[in-house]
Amino acid sequence: MFVMELTYTAPIEAVEEQMDAHIAWLDGHYAAGVFLASGRKVPRDGGVVLAGGVSRAEIEEIAAGDPFTMAGVCEYRITEFIATKTSSDLATVRESPLT
């Protein structure tokens, strides 16, 4: 599983110009079953996406395709972790620890 933390690198007005395209990008990855949750950080200096079911290379490619990234208004920090415990709603993304 991945935590995709994005930080804005441009004024919020430039971010807002890309928002519709960013939301369409999010919707596509939700429909594909990759994204599990997303939202703005507080304070509003970026956002967070939880994702699963893909490789590190795939998630980096997905982040590179974000309209925010392509417009140069954000940078991603991607953290991979093994979700060994989850709520029942996220049971399908639970993983076994690697030994």
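Is Glu16 buried, exposed or partly exposed? Glu16 counts as partly exposed, at 37% relative accessibility. Here buried means under 20% relative accessible area, exposed means over 50%, and partly exposed lies in between (1.4 Å probe, protein chains only).

The model is predicted: local features need pLDDT of at least 70, side-chain atom pairs count only at pLDDT 80 or more, and totals for chains, interfaces and linings use all residues. Residues are numbered from 1 along each chain as its sequence is written, and side-chain values use heavy atoms, with hydrogens and water left out.

Secondary structure follows DSSP runs, numbered from the N terminus: helices are H or I with at least four residues, strands are E with at least two. Four strands form an open sheet in the order 2-3-1-4, with antiparallel pairing. Strand 2 and strand 4 (74-80) are the edge strands, and each pairs on one side only. Neighbouring strands of this sheet are turned against each other by 15 degrees on average, direction ignored. Axes are lines fitted to C-alpha atoms, for helices over the stretch in contact, and angles run from 0 to 180 degrees between N-to-C directions.

Strands of a sheet pair through backbone hydrogen bonds, either parallel or antiparallel. Two strands count as paired if DSSP finds at least two bridges between them. Strand 1 and strand 4 run antiparallel and are joined by seven bridges. Six bridges connect strand 1 to strand 3, also in the antiparallel sense. Thr7 takes part in both pairings: its bridge partner in strand 4 is Glu75, and it stands opposite Gly46 in strand 3. Strand 2 and strand 3 pair antiparallel over five bridges. Within that pairing, Ser38 has Val49 of strand 3 as its bridge partner. A hairpin of five residues joins strand 2 to strand 3.

Helix 2 (residues 19-31) lies across strand 1, strand 2, strand 3 and strand 4, and runs at about 155 degrees to strand 2. Helix 3 packs on the sheet and touches strand 1, strand 2, strand 3 and strand 4. The direction of helix 3 makes about 160 degrees with that of strand 4.

A nonpolar core is a set of buried Ala, Val, Leu, Ile, Met, Phe, Trp, Tyr and Cys residues joined through side-chain atoms within 4.5 Å. The largest such core has 20 residues. Met4, Phe35, Ile59, Ile62, Phe68, Tyr76 and Ile78 touch the most other members. Strand 1, helix 2, strand 3, helix 3 and strand 4 each supply at least two residues of this core. Strand 1 gives the most, with four residues. Ile62 touches Met4, Trp25, His29, Val34 and Phe35, not counting residues up to four places away in sequence. Contact here means heavy atoms within 4.5 Å. In soluble globular proteins, nonpolar side chains tend to be buried together.

Charged pairs were examined next. A salt bridge is a side-chain nitrogen of Lys or Arg within 4 Å of a carboxyl oxygen of Asp or Glu. The whole structure holds five salt bridges. One of them joins Glu5 and Lys41, with the closest N and O atoms 3.0 Å apart. This pair links distant parts of the chain, 36 residues apart: Glu5 is in strand 1 (residues 2-8), and Lys41 is in the loop between strand 2 and strand 3. That loop runs between strand 2 (35-40) and strand 3 (46-51). Glu5 is partly exposed, with a relative accessible area of 26%. Lys41 counts as buried because its relative accessibility is 16%. Leaving aside neighbours within four places in sequence, Lys41 is in contact with Glu5, Leu6, Thr7, Gly46, Gly47 and Val48. A network of salt bridges links Glu5, Lys41, Asp45 and Arg77.

Glu16 forms a salt bridge with Arg44, at 2.5 Å between the closest N and O atoms. This pair also links distant parts of the chain: Glu16 in helix 1 (residues 12-17) and Arg44 in the loop between strand 2 and strand 3, 28 residues apart. Arg44 counts as partly exposed, at 31% relative accessibility.

Another salt bridge lies within a helix. The side chains of Arg56 and Glu60 meet at 2.8 Å, N to O. Both residues lie in helix 3 (residues 56-64), four residues apart, about one turn of the helix. Arg56 counts as partly exposed at 33% relative accessibility, and Glu60 counts as partly exposed at 40%.
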